Amino acid sequence: MPESVFLLMDRAKSAARAEGKRVIDLSIGASDLPVPGELIAELESAARDPATWGYCLKSCTHRFLEETTRWYARRFGLELDPGSQALSLIGSQEGLAHLLLAVTDPGQAVLIPEVAYPSYWGAAALAGLEAVPLELGDDLLPVFEGLDPEVLVRARLMVLNYPNNPTAALADRAFWERALAFAEAHDLLIVHDNPYIDMVYEGEAVSPLVLEGALERTVELFSFSKSFHMGGFRLGFALGNAEAIAALEAAKAPVDFNQYLGIQRMGIAALRLPPDRVLRDVQVFRARRDALVEAMQGCGVPVDRPKASMYLWMRLPDGMDDVRFALAAVEHAGVALAPGRGFGPGGHGYVRFALVQPPEVLAEAGRRIAQLLD
Ligand SMILES: Cc1ncc(COP(=O)(O)O)c(C=O)c1O
């Protein structure tokens, strides 16, 4: 399994705090905004309803799945069948790890952008897959040309994620058309992990499922952790290719009995919230992004303004080691960042800021980091 640099950061933070230092923690991408009150009320009433107390077999996920497909049709104009093209998940991370196990044989290859959410590398290792990094271009999107043809023969799927963690890259329709054409040419399944679908500040998040032919080879994973701040509740869903969904369901069957029905009811209520409710929280993240970027730019650090997601991905000056820099940032600046290499081989020399503090705290963190870089 890949070694976690996040454990190293955790130890550094604990050591600094043990010395009485205050650390601004921007190293973990967990939303700190409150879960909408209506959803908590839903859970409270569900907890008192004995109908929610037992095991939850497939039929007990049906209302939730119907709501997910209604939400998708409203948003993207495509009707999906809740019975065969949708599945409930205990978070998108759980879904992705089980999907890799479900649709591959050990020894096959999975293509993963060279900088990616760390769990993809671990999920590939769990499934006995060769993880093949896809190089990123200047736009931080993967380049599909120039891959070893022998690797492509072994490749079974490709995992993508836009808006991206950690790079904040947003993929447009033209990118998705290229990705789908590449997947068709090499008979790959596309797994699109899409938890940041709502966290867009400029442009729009594209769902590849709507492209012609995509349903033959695409599964998209959605989450309640970011849009509704429900990370601890563990709820998500998969939509897309019916065979892959059936394989995922079969792989999950010996492992879990689906998420607690009360939490699924929270999910139904969340998908019915007026879009303005989610947008309000997105504006909170936009203001945080602006505060951090402007503080750093004001100190002469040339960072780009991220278009989406809840992260700022910063390239360190040439030759600077990201883990050493992140450790020094905790010790000397009192700011915890995520070292880039924790996200894959392309992350060396980068650090990630998570926008999980109020604007004034982010601005202070930005100034301290700028000073450390000076
Ligand atoms: C790209 C990506 N995928 C998945 C997850 C986890 O989502 P969930 O809480 O639905 O498992 C995260 C959490 O940070 C993420 O950044």
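**Where the two domains meet**

Mentor: Let's start with charge: 2 salt bridges are found across the interface of domain 1 and domain 2, each being a side-chain nitrogen of Lys or Arg within 4 Å of a carboxyl oxygen of Asp or Glu. The model is a predicted one, where local features need pLDDT of at least 70 and side-chain atom pairs count only at pLDDT 80 or more, while totals for chains, interfaces and linings use all residues. Residues are numbered from 1 along each chain as its sequence is written, and side-chain values use heavy atoms, leaving out hydrogens and water.

To find your way around, look for domain 1 at 5-35 + 276-373 and domain 2 at 54-272; these bounds come from an automatic or database domain assignment. Taken over C-alpha atoms, the centres of domain 1 and domain 2 lie 26 Å apart. Domain 1 gives 26 residues to the contact and domain 2 gives 28 residues, with contact meaning heavy atoms within 4.5 Å.

Now for the area. Between them, domain 1 and domain 2 bury about 2400 Å², which is the accessible area (1.4 Å probe) that the two parts lose on being put together, summed over both. Of that buried area, 65% is on carbon and sulfur atoms.

For a specific pair to bring up on your screen, go to Glu 202 and Arg 289: their side chains form a salt bridge, with N to O at 3.3 Å.
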